[in-house]
Amino acid sequence: MVVKVIELVGTSRHNWTDAVDNAVVEASKTLDDIVGVEVTNFTANIDNGRIAEYKADVKVAFHVH
């Protein structure tokens with residue numbers, strides 16, 4: 001078995017968990033057989049002293065056929 005890993009950034013206006021989930025959901029629209037995700041970093045954009053957008057850097061692993 002061969003697995004390929006790509007790096008993505010997921011975003012959410014609500015929290016970091018949703019940012020990770022959004023990255024996986026979007027990746028699954030074009031990738032088959034996703035087998036895992038590794039979260040490598042969390043960041044956020046700030047607006048008016050509050051978090052406006054949560055960001056999660058993720059590595060998504062999927063089978064290569």
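In helix α1, the buried residues (under 20% relative accessible area, with over 50% counted as exposed and values in between as partly exposed, for a 1.4 Å probe and protein chains only) are A19, V20, A23 and A27. Viewed down the axis of α1, these buried residues fall within an arc of 100°, so they line one face of the helix; the arc is that of the directions from the helix axis to the C-beta atoms. The model is predicted, with local features requiring pLDDT of at least 70 and side-chain atom pairs pLDDT 80 or more, whereas totals for chains, interfaces and linings use all residues. Residues are numbered from 1 along each chain as its sequence is written, and side-chain values use heavy atoms, with hydrogens and water left out.

The buried residues of α1 pack against β1 (2-12), β2 and β3 (50-64), contact meaning heavy atoms within 4.5 Å; helices (H or I, at least four residues) and strands (E, at least two) are DSSP runs numbered from the N terminus.

One salt bridge (a side-chain nitrogen of Lys or Arg within 4 Å of a carboxyl oxygen of Asp or Glu) is found in a search of the whole structure, and it joins the side chains of E26 and K29 at 2.8 Å, N to O. E26 counts as partly exposed because its relative accessibility is 46%, whereas K29, at 58%, counts as exposed.

Strand β2 (residues 34-47) includes V39, which counts as partly exposed because its relative accessibility is 36%.
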